[in-house]
Amino acid sequence: MTETRALPASASMVLEPVVVRAACAAAMLALLLGGATPAVAAPKAKAAAKAAESGMADTIYRNGYVYTVDASDSVQQALAVRAGRIVYVGDNTGAALLAGKGTRIIDLQGRMLMPGLIDAHMHPLSGGKRLLRCNLNYEALTVPQFQARIQACVDKESHTKGIKEWLQVVNWFQQSMLPAGVETTRATLDAINTARPIVVRSSFGHSNLVNTRGLHLAGITRATPNPATGKIARNAFGEPTGLLEDAAMDLVDKLLPKTTPAENITAATFAMQALGRQGVTSFLDASSDQEIFTAFAAIERQGKLSARAHFAAEVSTEDGADPARAVASVLKMVKRYHQEKNGVAPSMRVRHAKLYMDGVIAAPALTGTMVAPYFVDRGTAQHPHWVPGDSKGPPTYFPPAALKAILAGLATAGIDAHVHVDGDGAVRETLDAIEALRATPAGKDARPALAHAEIVDPADFGRFAALDASAVLSFQWAKPAPDTVAGLKDYLGPQRYAILQPQSLLLDAGARVVFGSDWPVDALDQWFALKVGVTRTNSPAAGPEFAGKLGPAPGMPRAAVLRAATMNAAYTLRQEGQVGSLEVGKLADLIVLDRNFFQIPDEEIADIKVLQTVVGGKVVHQSPGFP
């Protein structure tokens, strides 16, 4: 977009343009900014005049499509920033009053300016650290290609690593292995020419594949019991196949060398740069431990924290038996790392706790907790016959009584629960616990969030709104892809598959729908995710197998998609009074786009580029050539 577009007649004005104190002074300022001369007696003067009396703006954006995400989704023309906060939103003429000798004036030339994105569920340190590993980049690979990529990593490190040092491989899109359904086991990794132990991490974060050498070092044999909240996959003879699910991953993870503090600082710094390029100005690290807190505290001290950082301290499943200890572990992190700062610069806030109720619903894991059993194939390769099986997945990782007690304890301490729920059974048990929480004095002010909710029983759609529980969803999952087709379609059965990824269904039922990318479960691509939120389609590059929409449900309206990634996300972080919309008095967290989200074809939303990202009035990312 390079031309100036007229504002819609129906657009309400956040702050009315103003009358100048003297007609000639107004005319000169308006001419400077390219706006019209206001009428001397117009009744729109007070707000901008008051702002002008307080001082001139540091920066004025003019001649743009300023999408505010205020209560009426109004569209304005200009915006002014002073001392890290928004001091004016309105038209060019009103903004002209705030132009002083040192004011930077940016002509948007019709481009779209909007609030910065708020990602309410991600793992940025993990995303940054994966740059340090052997990386499969989420690609669809055949077994030979999979092996060749890992072999190349082994060969590259052969002169620096000993045979006892683990090779850690990341971003393995397990469900996209080719052909669909191909089995990968420790034998797949044993064929790689190395004596080193190897662990390959599924991008979903709930599965590891380990070679025989690695299993031996971890002491995993046919006699090793499954942990309470995980699974060691076994063959027909009871021998471990090398695939470890959820808590079983800990048997290997505890042996892996930790990244150094310096590496973690590098990873966190990279994550900040990546967020700036995508237009993310606030985020929730959705499962925070000591390593994560330490890394971000370090970059905050160095002045490199360039997005508003919120953290959900992880509650160990082992603490389910002792709710008081679970709450105490969270409060320990709050006391050590929470910063109650009132300035405009980003800081660290620890006001959330993360609980995992189940795993993932996709095959081969099938560790999501379901209301009804997964389907199994009772037919043959030539004539498959899918029918309900015996497994509903594992019991929830926090039993109902423990979950209720922990949520109540967190609410009493002023901490909001952020709960991983993938299957409809985990969703239901968590909503039951929130219903009990709402009956307590402390629970009335709580802001619980359910993350993922890939499948929700229709009987529970309306409970999100009734209980004021936010649904934090990864929009990019709502498309035809290996995980949603081969990994889910047959296993869920037709009725459940028809309501997979229920973003619009929950929205229509009145739920507060919030966006969270879950990076690095997927590559960090916010605009592709928002495109999928609108279309429920994959990229054309995914091929004909994954063309078309996912299921019969519609996509979300464009305005609802942006609100999910701005004001709704701000609400879950208790920051709606500071960020999430462009309104006078709020922090100047904003982004400029290279095209208008509302005025391009659906599929082009994925191609949007962020030209500038501003956090607290400070530019943290700017594309060459802009402005």
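1. Nonpolar core. In this predicted model, the largest nonpolar core has 112 residues. Those with the most contacts inside this core are Phe 296, Phe 464, Trp 527, Leu 530 and Phe 597. A second, separate core has 19 residues. Cys 134, Leu 141, Ile 150 and Val 154 are among them.

2. Trp 527. Neighbours within four places in sequence are left aside here. Trp 527 is then in contact with Met 114, Leu 117, Gln 278, Ile 591, Leu 593, Phe 597, Ile 605, Ala 606, Ile 608 and Val 610. Trp 527 also belongs to an aromatic cluster. Ring pairs link Trp 527 there with Tyr 65, Tyr 67, Phe 597 and Phe 598.

3. Open sheet. Six strands make up an open sheet, in the order E3-E2-E7-E24-E25-E26. The pairing is mixed. Strand E3 (75-76) and strand E26 (618-622) are the edge strands, and each pairs on one side only. Strands of a sheet pair through backbone hydrogen bonds, in parallel or antiparallel fashion.

4. E7 and E24. Strand E7 covers residues 112-115 and strand E24 residues 590-593. The two run antiparallel, joined by three bridges. Pro 115 has Leu 590 in E24 as its bridge partner. Two residues in these ranges, Met 114 and Ile 591, are in contact with Trp 527.

5. Gly 230 stands opposite Asp 246 in E14. Five residues lie between the strands of this hairpin. Which residue of the hairpin takes a positive phi? Gly 238 does, near 85 degrees.

6. Helix H13. This helix has 15 residues, 424-438. From its first C-alpha to its last, H13 reaches 21 Å, close to the 21 Å expected at 1.5 Å a residue. Its buried residues are Asp 424, Gly 425, Ala 426, Val 427, Thr 430, Leu 431, Ala 433, Ile 434, Leu 437 and Arg 438. What do they pack against? The partners are helix H12 (400-412), strand E20 (416-421), strand E21 (449-452), helix H14 (461-466) and helix H16 (494-497). An α-helix has 3.6 residues a turn, so residues three or four places apart point the same way.

7. Aromatic pairs. The count comes to twelve. One of the pairs is Phe 283 with Phe 296, which is tilted. Their ring centres lie 5.8 Å apart, with 45 degrees between the planes. The pair links distant parts of the chain, 13 residues apart. Phe 283 lies in strand E15 (residues 280-288), and Phe 296 in helix H10 (residues 290-301). Phe 283 is at 0% relative accessibility, so it counts as buried. Phe 296 is likewise buried, with a relative accessible area of 0%.

8. Phe 475 and Phe 515. These rings have their centres 5.2 Å apart and their planes at 50 degrees, so this pair is tilted. The pair links distant parts of the chain, 40 residues apart. Phe 475 is in the loop between strand E22 (470-473) and helix H15 (489-492). Phe 515 is in strand E23 (residues 513-515).

9. Tyr 571. Which charged residues sit over this ring? Arg 447 has its charged end over the ring of Tyr 571, 3.8 Å from the centre. Arg 512 lies over the face of Tyr 571 at 3.9 Å from the ring centre.

Methods:
Residues numbered from 1 in each chain as written. Predicted model: local features only at pLDDT ≥ 70, side-chain atom pairs only at ≥ 80, totals over all residues. Heavy atoms only, no water. Pairing = 2+ DSSP bridges. Helix = DSSP H or I, 4+ residues; strand = E, 2+ residues; numbered from the N terminus. Expected span 1.5 Å × (residues − 1). Buried < 20%, exposed > 50% of the residue type's maximum accessible area, 1.4 Å probe, protein only. Contact = heavy atoms within 4.5 Å. Phe/Tyr/Trp six-rings, centres within 6.5 Å; stacked < 30°, edge-to-face > 60°. Lys NZ or Arg CZ within 6 Å of the ring centre and 35° of its normal. Core = buried A, V, L, I, M, F, W, Y, C linked by side-chain atoms within 4.5 Å.
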